[in-house]
Amino acid sequence: MNLTLKIWRQQSATAPGGFVSYRINEVTPEMSFLEMLDMLNEDLINRQEPPVAFEHDCREGICGSCGFLVNGVAHGGQRGTTVCQLAMRFFNDGDTLTLEPWRARAFPVIRDLIVNRSAFDRIIQAGGFITAPTGSAPDANAVLVPKEDADTAFDAAACIGCGACVAACPNASAMLFTSAKVTHLNSLPQGQPQRDQRTLSMVATMRNEVFGSCTNHGECEAVCPKQIPIEFIGKLNRDFIRALWHRHREPLTIPSVVQLPCAEDAHEHFHDDIRPSQG
Ligand code: SF4
Ligand code: FES
């Protein structure tokens, strides 16, 4: 296969970026998309040109490092597939493929196809943990978990934090990611002691980052390589209302989370844009 690649090249976060076209020949159907880019980079290095920067680690769909837009679709458009698992057999000889980084204010471009996803890390830091005694691992059946709850937690834990949901959302909302992380721990008995605090902290942190609000487009679910269902956003809504109710209308102040003025009182703003969607 011979292809034309139009790739977003940007030297640094502050440098201007633009598309550069490359011809690439002898691509085989068995290659993965990233192997095809490796081949391009070897060619660029041989010509003493800077290689295209893109993130990757496991190359088997589990680490969440990789991700960019292929022809405007996050991860390239094969359902339940990260771009590292995308095979070149899904493309045709003569195709022109446009590659660009996630487009979201909360994910500034670092270089070429790499964006800074630290905003996700800060959401995790706000509540993606449980307090549990340290020591040796307890017996597997020491805390009984109902099957339905275990399945829900397992499905939510599948989120790899790739950021495709944010890139696909017209509002650049992080609701699918946050709902997966909240649902994972809030579904388990071990996550109950901090259920309310976790929910409020993670929603407040999400809001302090520059993500948009969910308006039920469903684009996030469509591109999610782990097929996280949008119903988790509904679960997050319910947990958020529950947590606010338990707070008895007290102002929301959360230690360890930097409170911007807009998030000082989540309840006061609850009826406008902090309210998660109806999903
Ligand atoms: S919800 Fe899906 S698309 Fe979003 S970060 Fe998690 S795995 Fe990626
Ligand atoms: S490189 Fe790990 S998920 Fe793609």
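## Helices, a sheet and a ligand shell

Helices here are DSSP runs of H or I with at least four residues, strands are runs of E with at least two, and both are numbered from the N terminus. This is a predicted model, where local features need pLDDT of at least 70, side-chain atom pairs count only at pLDDT 80 or more, and totals for chains, interfaces and linings use all residues. Residues are numbered from 1 along each chain, chains are lettered from A and ligands numbered from 1 as written, and side-chain values use heavy atoms, without hydrogens and water.

Back to that crossing: the axes of α3 (147–157) and α5 (175–186) come within 8 Å and cross at roughly 145°. Axes are lines fitted to C-alpha atoms, for helices over the stretch in contact, with angles from 0 to 180 degrees between N-to-C directions. Contact means heavy atoms within 4.5 Å. On the α3 side, Thr152, Ala153, Ala156 and Ala157 touch Ala180, Thr183 and His184 of α5.

Now for ligand 1. Of the 13 residues around ligand 1, Cys159, Cys162, Gly163, Cys165 and Cys224 come nearest; "around" asks for a heavy atom within 4 Å. Helices α4 (164–168) and α5 each give two or more residues to this shell.

Here is how the two groups split by class (Ala, Val, Leu, Ile, Met, Phe, Trp, Tyr, Cys and Pro are nonpolar, Asp, Glu, Lys and Arg charged, the others, Gly among them, polar).

| α3–α5 contact | 4 residues | 3 residues | no residues |

Elsewhere, 5 strands make an open, mixed sheet ordered β2-β1-β5-β3-β4, where pairing takes at least two DSSP bridges. β2 (18–24) and β4 (73–74) are the edges with a single partner strand each, so one side of each has no neighbour in the sheet. Leu69 sits opposite Ala74 in β4.
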